[in-house]
There are 2 protein chains.
Amino acid sequence: MNTQTVTVTGMTCGHCATSVREEVGGIPGVRTVDVDLSTGLVTIGSENQLDPSAISDAVAEAGYAVAG
Amino acid sequence: MNTQTVTVTGMTCGHCATSVREEVGGIPGVRTVDVDLSTGLVTIGSENQLDPSAISDAVAEAGYAVAG
């Protein structure tokens, strides 16, 4: 399994984390999504390496942004 | 129409406001629920005066608390 980590800004509560988890979890090939609310770190496990733009698009769809 | 206002603590984002709006909106007789996220003020319009404990129970059901 491939693992990628991004930092997401703007998440304030468990609802925010759930929104990001759902959107990122909907990217084809994604198996696991772990969200650390205190740091904004989102760790994504997937079958193959994901296009970073697919990740940032999903995060944006949830209403947040990938830092950097 | 009767109007009651409570201050709810712990709401951090629009998702939180939505949760409170949905739970308080489910109290029998409630017509309108306005949530001001920045102040925590929740203004409830209803057919008749509501039991304060029904409001605080609904807020608790959403995962938050009425101040005071």
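## A tour of chains A and B

Start with chain B. Select strand β2 (residues 30-36) and β3 of chain B: the two pair in the antiparallel sense over six bridges. Strands here are DSSP runs (E, at least two residues), and helices are DSSP runs too (H or I, at least four residues), each numbered from the N terminus. Two strands count as paired if DSSP finds at least two bridges between them.

Before moving on, note that this is a predicted model, in which local features need pLDDT of at least 70 and side-chain atom pairs count only at pLDDT 80 or more, while totals for chains, interfaces and linings use all residues. Residues are numbered from 1 along each chain as its sequence is written, chains are lettered from A and ligands numbered from 1 in the order in which they are written, and side-chain values use heavy atoms, with hydrogens and water left out.

**Stop 1: the sheet of chain B**

Stay on β2(B) and β3(B). Pick V33(B); its bridge partner in β3(B) is I44(B). Now go to the hairpin of these strands. Four residues lie between them, and G40(B) takes a positive phi near 80 degrees.

Next, select β1 (residues 2-9) of chain B. Six bridges join β1(B) to β3 (residues 41-46) of chain B, and the two run antiparallel. Click Q4(B): I44(B) in β3(B) stands opposite. Then click T7(B), whose bridge partner in β3(B) is L41(B).

Zoom out to the whole sheet. Its four strands follow the order β2-β3-β1-β4 (chain B), with antiparallel pairing, and the sheet is open. β2 and β4 (65-66) of chain B are the edges; each has a single partner strand, so one side of each has no neighbour in the sheet.

**Stop 2: chain A**

Switch to chain A. Here too is an open sheet of four strands, ordered β2-β3-β1-β4 (chain A) and paired antiparallel. Its edge strands are β2 (30-36) and β4 (65-66) of chain A. Six bridges join β2(A) to β3 (residues 41-46) of chain A. Select D36(A) to find L41(A) of β3(A) opposite.

Next, show the side chains of R31(A) and E47(A). They meet in a salt bridge, 3.1 Å from N to O. The term means a side-chain nitrogen of Lys or Arg within 4 Å of a carboxyl oxygen of Asp or Glu. R31(A) is in β2 of chain A and E47(A) in the loop between β3 and α2 (52-62) of chain A, so the pair ties together parts 16 residues apart in sequence.

**Stop 3: where the chains meet**

Show both chains. Six residues of chain B are in contact with six of chain A, with heavy atoms within 4.5 Å. The chains bury about 410 Å² between them, 57% of it on carbon and sulfur atoms. That is the accessible area (1.4 Å probe) lost on putting the two parts together, summed over both. Select T12(B), C13(B) and H15(B): they supply 78% of the area that chain B buries against chain A.
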